[in-house]
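These are my notebook entries on a structure that I had not examined before. I set down what I looked up, entry by entry.

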Amino acid sequence: MIEQLEPKAGVLARKDAIVAGLRKLLPADAVISEPIRLRPYETDGLPAFRQVPLAVVLPSTTEETAAVMAYLHREGVRVIPRGAGTSLSGGALPMADSVVVGMMRMNRIVNINYADRVATVQAGVTNIGITQAVAAEGFFYAPDPSSQLACMIGGNVGMNSGGAHCLKYGVTANNLLGLRIVTVEGEIIDIGGEYLDAAGLDWLGLLTGSEGMLAMVTEVTVRILRSPEGQRAMLVAFSSNEIAGSAVDAIIGSGIIPVALEFMDKPAIHACEAFAHAGYPLDAEALLIVEVEGSTQEQDDLLAKIAELCQPFEPISLRVSQSAAESLAIWKGRKGAFGAVGRISPDYLCMDGTIPTSQLPFVLRRIGEMSDQYGLKVANIFHAGDGNLHPLIMFDANEPGCFERAEQFGADILTLCVEVGGCLTGEHGVGVEKRELMRVQFNEVELNQQRRIKSAWDPEWLLNPSKVFPLPAAA
Amino acid sequence: MSDAPADEAGIASAIRAAAEAGEPLLVQGHGTKLGMLRPVQAARSLSTRNLTGITLYSPKELIVSARAGTTVTALEAALHEGGQHLIAEPPDLSALFGSGEGGEQTIGGVVAANLSGPRRVAWGAMRDHVMGVRAVNGAGETIRSGGRVLKNVTGLDLCKLLSGSHGTLAVLTEITLKVLPAPEQTGSLVYAVADAEEGVRILSAGLCSPYGVSGAAYLPAEAADRIPWLVEQGAVALVRIEDFARSVEYRLGRLQAELGGARLDDETSRAAWRAIRDVIPLRTEAGEAIWRVSVRPSRGPAALVAITRAGGRGFLDWGGGLLWAAGPPELHDIVRQAALDGKGTWTVVRAPDGMRAAVEVLPPEPAPLHRITRRVKAAMDPRGVLNPGRMYAGL
């Protein structure tokens, strides 16, 4: 059980009155308070931690959200914003005295403007839903987290989600133009809009990745991009992690920025191949998925150059995808990596550090040593172009003490990431999972600076407290 | 009184002293952008100009770190050696402001003002590439945010909050940027057009194509005449492609087949876009004001027409979404209205002192947001000593 701030006894005692107050603001089916129906909201993509909330509300509009927020503010009730609940860091973990405000009914596409290349959608539209809405006109929304079928754009804003293609297209923050937010007091504010540079302080930048601690997001305006003429993936297999790391250096050093450059180590290759049957080479120690874009000729040119750059590193195999179906299978394996590991291990923890890419061989060697020490297997997936490392630690929660060992192993990996010049989280967020590790990356002066900014937006710490910052009790 | 400490510790102690004395500081690098936004009333200035030098450059990791006082020219020269460039193509505004106090603009200044050039339309703003900062807040405390890696969501993103905050929240001392390989070649297509509407239609067609257009500007005849290669062609629209040579060749060919247009070669294209970046097409007279208006690209032509009719002039970049305008100070209300009609925002880049202190140099924030702005300012600069009044009166 994860430690959280002490529930407010007064709020717990007033549960019935608070729920009755919420029912006055929303349609009957938008307020959930029966224990059995609250259970689906007790956890998110980090199921090791669970807590049933006081109630759940599902507003359909910004105005309903504002009414709820104003009411909860008057009542001094804590609020947990929730998208699809896919957070891998416990970002949507409720507290016993909290009301979860879910975005899932705010699932309307508000406006698509192709001439200006922007789309405005409600916060509960899924990430893939944006691309699907504009695909017929040949456009797409660039950030593509692995959970894109389920995760909601409002949650993507909260976590500043990335994906496999952000080496070229950037993360959520780089593709966002405007937000409609509701403050903790229930005020509706528009930030930015359908233009490129907002004047004034960069609230858009600060709110993105603020993990629901500063405001509720109800509407999002994003850039949509014209899809490239085509894209193709290539698989290159190597005999060691070090050699594959050197090949990555050679590719980036040559001036080519592939649209995606993904790295898998041997355990990850095996897990993904068993799941996706993408034809990953099982004899390889490390595998790169390299994707390029453009016309067929441009793809040929780039893939030929990349193949040439890889030759000195004596690849075990090098295979260029010959069809859209083959590219899809290659990506199915990569994007299904977490699920694939879930099939070969009863439980797993997905870590998310970033390291300077030059440190990859060293970091993978150290993770291997730690894996032996802890007696836990680990598979590594790596966004090699931008240094974002996802070690998947396999464990069995039914074995006493095993989860705690896996957690400690994960903490050691993230500490190592910071020691080599990287950071605790590249795209999953701090949530509750990495809260106490914040002290590894930041000193107390820096944490206090961030806490004061949180206080400026949310003076009473009602919005997603217990997240991101080490708990005061542990101070 | 001007203070230009040699290092970050010196910046911190100067700020602590100012905070203790309650004395405001004018924060600057070489002072090339002192004329932007509102005037700061401070008896003392604090400069980062002596904090110079690149502290890390790792081309294969696409990362460079430099102390805030490093000139953009020095940084670009180092990146050029590594075959790389600053992604957002920040402008040099000396055509608008003169050369400052005898020095060139610093990377700290460009980030503090979040200034981006033509490539912003495709590759993001200056703030999008700030991966890490070191800074000293108004209490004299050194804080770090971000780091030296490309993907980082650890804690609140103060890199973005400080980018574009014009030195009002903290003094940047060191900045880490994402950089990319410089393109092997560039090329452009020029279109003779009747007016801004037609120009922006072509820019939009270019930007909606799959060919990766990385520059899209419309220049009225008078603005085009200020670029040597575009003289006497009338009003023109320009689109740019940057990539490997074979790709540039192919994509220009496709665009030309679909949209027509005359080609500019690599060298001419680079020079023309450099001029657009540096706002050379905008003629300005002494005593005039200069505005930067950010609108929906499709609303850019209407904004430009409104300002031109009222006696101002301007040109459009970012596919129509960025309007650079100049004219007499009395035009401010027209510019403001044009920005609002275009569902966008304005910034007073340069103006006579009286106007700078009198008008809203930025759109006013809605009251609930401005309350938060005041609290965030107090959270970073509790005594209000850093560039007071620069962005908003009384803040």
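Predicted model: local features only at pLDDT ≥ 70, side-chain atom pairs only at ≥ 80, totals over all residues.

**Entry 1. A valine in chain B**

I then looked up where B:V279 sits, and found B:V279 in the loop between helix 10 (266-277) and strand 14 (289-294) of chain B. Its phi is near 60°, a positive value in a residue other than glycine.

**Entry 2. A valine in chain A**

I looked up A:V468 next. Its phi is positive, at about 65°, although A:V468 is not a glycine. The residue belongs to the segment after helix 17 of chain A. A:V468 counts as buried because it has 26 C-beta neighbours inside 10 Å.

**Entry 3. Helix 17 of chain A**

Helix 17 of chain A covers residues 444-457, which makes 14 residues. From first C-alpha to last, helix 17 of chain A reaches 20 Å, close to the 20 Å expected at 1.5 Å a residue.

Which residues of helix 17 of chain A are buried? I listed A:E446, A:Q449, A:Q450, A:I453, A:K454 and A:W457. Seen down the axis of helix 17 of chain A, these buried residues fall within an arc of 140°, so they line one face of the helix.

I also asked what the buried residues of helix 17 of chain A pack against. The partners are in chain B: strand 7 (130-137), strand 8 and helix 14.

**Entry 4. Where the two chains meet**

I turned to the contact between the chains as a whole. It takes 66 residues from chain B and 74 residues from chain A. On the chain B side, several elements each supply at least two residues, among them strand 8 (142-146), helix 6 (158-162), strand 9 (170-181) and helix 7 (196-207). The largest share comes from helix 14 of chain B, with 7 residues. By class, I recorded 29 nonpolar, 21 polar and 16 charged residues on the side of chain B that touches chain A.

**Entry 5. Domains of chain B**

The domain assignment divides chain B into domain 1 (2-181), domain 2 (185-277) and domain 3 (289-358). The C-alpha centres of domain 2 and domain 3 of chain B lie 23 Å apart. Their contact takes 14 residues from domain 2 of chain B and 13 residues from domain 3 of chain B.

Which elements give two or more residues to the side of domain 2 of chain B that touches domain 3 of chain B? They are helix 7, strand 11 (215-219) and helix 8 (221-224) of chain B. Helix 7 of chain B gives the largest share, 6 residues. This side of domain 2 of chain B divides into 11 nonpolar, 1 polar and 2 charged residues.

**Entry 6. Domains of chain A**

For chain A, the domain assignment gives domain 1 (9-105), domain 2 (109-226), domain 3 (231-337) and domain 4 (345-439). I looked up domain 2 and domain 4 of chain A, whose C-alpha centres are separated by 28 Å. In their contact, 8 residues of domain 2 of chain A meet 10 residues of domain 4 of chain A. The side of domain 2 of chain A that touches domain 4 of chain A has 5 nonpolar, 2 polar and 1 charged residues.

**Entry 7. Strand 13 of chain A**

Strand 13 of chain A (residues 260-265) is mostly covered, with 6 of its 6 residues buried. In a regular strand the side chains alternate between the two faces of the sheet. On one side of strand 13 of chain A I found A:A260, A:E262 and A:M264, and on the other A:L261, A:F263 and A:D265.

Strand 13 of chain A runs antiparallel to strand 14 (residues 286-293) of chain A, joined by 6 bridges. Strand 13 of chain A is also joined to strand 18 (residues 378-383) of chain A by 3 bridges, again antiparallel. A:M264 has A:L287 as its bridge partner in strand 14 of chain A, and stands opposite A:I381 in strand 18 of chain A.

**Entry 8. A sheet in chain B**

Last, I looked up an open sheet of 3 strands in chain B, with order 1-3-2 and parallel pairing. Its edge strands are strand 1 (2-3) and strand 2 (25-28) of chain B, each pairing on one side only. Strand 1 of chain B pairs with strand 3 (residues 44-47) of chain B over 2 bridges. There, B:S2 stands opposite B:S45.

Conventions:
Residues numbered from 1 in each chain as written. Chains lettered and ligands numbered in written order. Contact = placed C-beta atoms within 7 Å. Helix = DSSP H or I, 4+ residues; strand = E, 2+ residues; numbered from the N terminus. Nonpolar A, V, L, I, M, F, W, Y, C, P; charged D, E, K, R; others polar. Domains from an automatic or database assignment. Buried ≥ 20, exposed ≤ 12 C-beta atoms within 10 Å, placed from the backbone. Pairing = 2+ DSSP bridges. Expected span 1.5 Å × (residues − 1). Arc of directions from axis to C-beta.
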